[in-house]
Amino acid sequence: MIKRLVQRAENFLPGFLLALMTVLVIIDVLCRYILNVSFAGSAELATAFFVWLVFIGSAGAVRKLQHIGIEGFSIFIPQAGKPWLHLFMSTAILVVSLHMTRIGYNLSMNSWDREIDMVGIPYFYVYLAIPISFALMAIHSAAQIIDILRNWQDAECVRLKTYTDPEV
């Protein structure tokens, strides 16, 4: 149930944030040039939405194996080396994701006292996208490592079979 909820959030949230960001910018531009009124902080909020969009979207890309790193190398590797390549790439993603989760957590916790200009919202809420998304990436890559090790003979395509899930 939690897995399904996370998948839905990773599928829905980036699109929703993109739509919200677009509407916010369009309204601000129309109001500024037609009504000569500007919304204070709309650019900052759009930037915060964009940060969340990018980080959550990248976590979803790791889950669905839509990041470019694997396929770029996979084309040139012989069949016997593909399980090793997939294992190496998933492990590298796991290590980097765990490190970035720690760094992002520290950054977000140290940003309570800084506020977004004109809005008054602490930067904590913007920076929180970093540890959350990298924690999700770590979980996804750990699951991929387990699947590769369980299905070593078929590891060349286990990643594609297992993780190219339909939109939930």
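Reply: Happy to! Contact here means heavy atoms within 4.5 Å. This is a predicted model.

Me: Among contacts between residues at least 6 apart in sequence, what share joins residues at least 24 apart?
Reply: Take the contacts in the protein chain whose residues are at least 6 apart in sequence. Of these, the share that joins residues at least 24 apart is 68%.

Me: Which secondary structure elements does the protein chain hold, and how many?
Reply: Reading from the N terminus, the order is α-α-α-α-α-α-α. There are zero strands, and the count of helices is seven.

Me: What percentage of the 168 residues is buried?
Reply: A residue counts as buried under 20% relative accessible area. In the protein chain of 168 residues, the buried part is 38%.

Me: How much of the accessible surface belongs to carbon and sulfur atoms?
Reply: The accessible surface of the protein chain is about 10,200 Å². Carbon and sulfur atoms hold 72%.

Me: Is Asn36 buried or exposed?
Reply: Asn36 lies in the loop between helix 1 (2-35) and helix 2 (42-64). Its phi is positive, near 60°, and it is not a glycine. Most residues other than glycine have a negative phi. The relative accessible area of Asn36 is 67%, and the cut-off is over 50%, so Asn36 is exposed.

Me: And where is Met118?
Reply: Met118, also not a glycine, has a positive phi of about 70°. With a relative accessible area of 62%, Met118 is exposed. Its place is the loop between helix 4 (82-109) and helix 5 (124-127).

Technical notes:
Residues numbered from 1 in each chain as written. Predicted model: local features only at pLDDT ≥ 70, side-chain atom pairs only at ≥ 80, totals over all residues. Heavy atoms only, no water. Helix = DSSP H or I, 4+ residues; strand = E, 2+ residues; numbered from the N terminus. Buried < 20%, exposed > 50% of the residue type's maximum accessible area, 1.4 Å probe, protein only. Areas by Shrake-Rupley, 256 points an atom, 1.4 Å probe, with all protein chains shown as cover.
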